[in-house]
Amino acid sequence: MNELKRLLHDLIGLSEDEFQTFHNQLEKKEYKAKSLLIEEGKTVKDLYFVESGLFRTFKNIEDKEFTTYFACDKHFITVFDSFIYQTPSSEFLEAIEDSVVYKISFDNLTQLYKEYPNFEKFGRVLAERNHLCAQQRTLTMQTKSAKKKYLDFIKDYDKKIVLKAPQYQIASFLGIAPESLSRIRKEVVIS
């Protein structure tokens, strides 16, 4: 919980009283590896802060999984388009390992937006970061070689994700064949 408090203070300058109000809206949950927090076709009701663990979002297209995002300790995750617009999700959210999160509902967060300007700022910052992440990922997918995608991945992503996410999930996230990723990983030493 201290990590969340520090993160929100650094991100938006949340005061002690504002954090306490936020804290009172949170629900702590534990998930086992392979648990689905969000299922395709269901409207997303919660935003999650990962206290500990590893998650991914993914799509199923013609019985093939495409990983679209990873998150681990000290990150927020949900299926953002479904959460923001309160429409059915086109993706799944899965715990990759046993994990602990704090979640806040859409309704409670929306109420905080109305009552506290800092929470509107929080929503804006999350939306901006999500947009920039998607924009950067699109550029990477369209312009970089498989090896460069992986080198950027190990440079830019949390070491926990790089080391613990299954290779086939990383390959689908990077848009390369698992065999190609295996070859690339043999050439690259992760320090």
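Let's start with a cysteine. The sulfur of cysteine 72 lies 13 Å from the closest cysteine sulfur, the one in cysteine 133, so the two are too far apart for a bond. For scale, a disulfide needs the two sulfur atoms within 2.5 Å. Keep in mind that this is a predicted model.

What about cysteine 133? Is it in a disulfide or in none? In none: its nearest cysteine sulfur is that of cysteine 72, 13 Å away. And how many disulfides does a search of the whole structure find? The count is 0.

Now the surroundings of these two. Buried or exposed, cysteine 72? Buried, at a relative accessible area of 1%. The cut-off for buried is under 20%. Cysteine 133 has 26% relative accessibility, so cysteine 133 counts as partly exposed.

Next, where cysteine 72 sits. It belongs to strand E5, and its bridge partner is leucine 54. Strand E4 covers residues 54-61. E4 and E5 run antiparallel, and 8 bridges join them.

Let's step out to the sheet. Which strands make it up, and in what order? There are 4, and the order is E2-E7-E4-E5. The sheet is open, with antiparallel pairing. Its edge strands are E2, residues 36-38, and E5, residues 64-72. Each of those edge strands pairs on one side only. From one strand to the next, the twist averages 30°.

So, back to the opening cysteine. Cysteine 72 is on edge strand E5, it is buried, and its sulfur is 13 Å from that of cysteine 133, which is too far for a bond.

Conventions:
Residues are numbered from 1 along each chain as its sequence is written. This is a predicted model: local features need pLDDT of at least 70, side-chain atom pairs count only at pLDDT 80 or more; totals for chains, interfaces and linings use all residues. Side-chain values use heavy atoms; hydrogens and water are left out. Two strands pair if DSSP finds at least two bridges between them. Helices (H or I, at least four residues) and strands (E, at least two) are DSSP runs, numbered from the N terminus. Axes are lines fitted to C-alpha atoms, for helices over the stretch in contact, and angles run from 0 to 180 degrees between N-to-C directions. Buried means under 20% relative accessible area, exposed over 50%, partly exposed in between (1.4 Å probe, protein chains only).
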